[in-house]
Amino acid sequence: MKQICVIGVGYVGLVTAACFADLGNRVVALDVDEQRVANLKKGTMPIYEPGLEELVKRNTKSGRLSFTTSYAEALKGVEFAFIAVGTPSGVDGNADLQYVDAAARSIAKNMTAPLIIINKSTVPIGTGDWVADIVKSAQPKPINFAVVSCPEFLREGSAITDFMNPHRNVIGSLDRDAADKVAQLHLPLRAPIVITDLRTAEMIKYASNAFLATKISFINELADLCELVGADVKEVAAGMGYDARIGRHFLDAGLGWGGSCFPKDVEALAYMAKEKGLNPRILNDVMDINYDRRKAVVRHLEQLLNGSLKGKTIGLLGLAFKPNTDDMRDAPSIDISNSLIAIGAKVRGYDPVARHTAAPLMPKVEIFDDVYKMAKDCDALVVVTEWNEFKQLDLEKLKGLLNCPVVYDGRNIYDPASMKEMGFTYRAIGRGLNGK
Ligand code: NAD
């Protein structure tokens, strides 16, 4: 049993804390958000993540997991301190490190014994060294510490499974002893462990996210061509994916990526390259292609409805940036609803769990708690998020409720032939003669 402190209890920090506690460690999770900590103490989760509530409650009950807002309390007797605070986009696209800076200073002021500080947040290359400088200069008296990079690769929506069954754990440090101790902590996860230096570990995280985003933008670029030459991108992706050198994952054409990681990480990587005098051509195109998907929705809907969308009512199926989460950070639904509203359309939305996180971000969108109520008298529906429950909707009922039976399937969840047979005016993404 190790004594661990996790700083920042958001999507990554709370999952990290709960999972390490479940592996038998004693974990104190800290956040500066007092309301968040008070709620967690009462068993109320700050986010929606499948399985998280049960895991947190079980480990809190066993005494292995606790919550605090006090750095002094959190650092007492711990050997490892994970930093898992947010690193959002700054003004120029670089990562905003103010929360990492604050966490590092608070650690420095409150640590009373040697400590291994582990950066789990996604941070620009060189941040580990910068954190070490901050801690050293902010300590009231010198106490030994090491900084280790251990980036997180979990996906929201399957965060616990991903944390407990990682493809690999990456551990970077200039202090081999500290890296080995962090590696020991991860041994129960039985995954390959890559031990490297700090900067390489930081780069592995950005490179991985940028590569996955590139795969999605690649298949989206092909989707446009598929439409024009009469090929079906879904089958193209399936056919490509059997090749182990390519793989099937992240080859789903659609409205593109969003969320809390890909947008800011691709942008931050491009920023780093530009700062060093390079021209990150692939990264720039990957971002452009992605945001073009959102812009194309208005044009495609106008084609489907044979004219202006002014005064038309459009229903969005799904608001969260991906299924199984309530995270609305850079969700395509925000840009899509804004462009529709800007040209005079009325926009409605439905999401199984993101209603409450979406509402403040889209005050002009009428948000419903029932998909069929939302669909009543809509002129078109757009599938924005591929929640499972949308795959098995009563489409006949839906058709009867719509003003016009128009469906723009932004996630390719329906079968084009069946949709047409049912009488829908249907458009998919990149599905050639079938989906147009
Ligand atoms: P989040 O915004 O959900 O949570 C961050 C938490 O940190 C908040 O609760 C905030 O109150 C707290 N915080 C801020 N400053 C603090 C401080 N000084 N001391 C203590 N707590 C503080 O963020 P997230 O989505 O969990 O992301 C955290 C990091 O992990 C980011 O760098 C992100 O890029 C990376 N990451 C995220 C994911 C993901 O899917 N969300 C996956 C992999 C990596």
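This report covers the ligand site and the open sheet of a predicted model.

Local features need pLDDT of at least 70, and side-chain atom pairs count only at pLDDT 80 or more, while totals for chains, interfaces and linings use all residues. Residues are numbered from 1 along each chain as its sequence is written, and side-chain values use heavy atoms, with hydrogens and water left out.

**Ligand site**

The ligand is surrounded by 29 residues, the closest being D31, Y71, T87, E156 and K264.

| Residue | Protein atom | Distance to a ligand oxygen |
|---|---|---|
| Y11 | backbone N or O | 3.0 Å |
| V12 | backbone N or O | 2.8 Å |
| K264 | polar side-chain atom | 2.6 Å |

On its own, the ligand has 840 Å² of accessible area, and the protein covers 90% of this. The areas come from the Shrake-Rupley method with a 1.4 Å probe. Two or more shell residues come from each of α1 (11-22) and α5 (98-110). The largest share, 3 residues, belongs to α5. Helices are DSSP runs (H or I, at least four residues) and strands likewise (E, at least two), numbered from the N terminus.

By class, the shell holds 14 nonpolar, 7 polar and 8 charged residues. Asp, Glu, Lys and Arg count as charged; Ala, Val, Leu, Ile, Met, Phe, Trp, Tyr, Cys and Pro count as nonpolar; the others, Gly among them, are polar.

**Sheet and helices**

An open sheet of 6 strands runs in the order β11-β10-β9-β12-β13-β14, with parallel pairing. Strands pair if DSSP finds at least two bridges between them. β11 (366-368) and β14 (425-427) are the edge strands; each has a single partner, so one side of each lacks a neighbour in the sheet. From one strand to the next, the twist averages 20°.

Strand β13 (residues 406-409) is joined to β14 by 3 bridges. V406 has T425 in β14 as its bridge partner.

Helix α12 (residues 281-304) lies across β9 (313-317), β12 (380-383), β13 and β14, at about 150° to β13. Helix α13 (residues 332-342) lies across β9 and β10 (346-350), at about 180° to β9. Contact means heavy atoms within 4.5 Å. Angles run from 0 to 180 degrees between N-to-C directions, with axes fitted to C-alpha atoms, for helices over the stretch in contact.

Technical notes:
Near = heavy atom within 4 Å. Polar contact = N/O pair within 3.5 Å; in protein donor to acceptor, adjacent residues only side chain to side chain.
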